[in-house]
Amino acid sequence: MLTTETMQNLAAFESAGITVPHFDRAAVTRATTANPAWIHFGGGNLFRCLHASLQQRLLNAGESETGIVVVDTYDDELIETIYQGRDNLS
């Protein structure tokens, strides 16, 4: 499973041909918490394949310093299970 702990060995991912983040996740988390710039309502599949992917590219290019705060107005289960339960990684 992809977790903060498994992300400590980025070289293993890269050697397997998997693209890894080119930014400091901890710094992005701190910046997002201190000054959120993007709040997105609804964290389903469309968010993960479009919006989150776009933000990943912006962060990798150094064009953004914050992540996305995802909220759901219907049910907390999605946020708690899919995001928080996986260290906000996907």
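Leu89 is buried, at a relative accessible area of 11%; buried denotes under 20% relative accessible area, exposed over 50%, and partly exposed the range in between, with a 1.4 Å probe and protein chains only. The residue belongs to the segment after helix H4 (77-83). Helices are DSSP runs of H or I with at least four residues, strands are runs of E with at least two, and both are numbered from the N terminus.

Apart from neighbours within four places in sequence, Leu89 contacts Leu2, Thr3, Thr4, Met7, Arg25 and Tyr83, a contact being heavy atoms within 4.5 Å. Between Leu89 and Thr4 the C-alpha to C-alpha distance is 8.0 Å, although 85 residues separate them in sequence.

## Basis of the model

The model is predicted: local features require pLDDT of at least 70 and side-chain atom pairs count only at pLDDT 80 or more, while totals for chains, interfaces and linings use all residues. Residues are numbered from 1 along each chain as its sequence is written, and side-chain values use heavy atoms, with hydrogens and water left out.

## Fold and dimensions

The protein contains 4 helices and 2 strands, arranged along the sequence as α-α-β-α-β-α. The C-alpha trace spans about 40 × 30 × 20 Å along the principal axes.

Of the contacts between residues at least 6 apart in sequence, 64% join residues at least 24 apart.

## Nonpolar core

The largest nonpolar core consists of 5 residues: Phe47, Ile68, Val70, Ile79 and Tyr83. Such a core is a set of buried Ala, Val, Leu, Ile, Met, Phe, Trp, Tyr and Cys residues joined through side-chain atoms within 4.5 Å. Tyr83 is also among the residues in contact with Leu89. Ile79 touches Val70, Val71, Asp72 and Gln84, when residues up to four places away in sequence are not counted.

In soluble globular proteins, nonpolar side chains tend to be buried together. Buried residues account for 23% of the 90 residues here.

## Leu54 in helix H3

Leu54 lies in helix H3, residues 45-60, and counts as partly exposed at 41% relative accessibility. Leu54 and Phe41 are 13 residues apart in sequence, and their C-alpha atoms are 16 Å apart in space.
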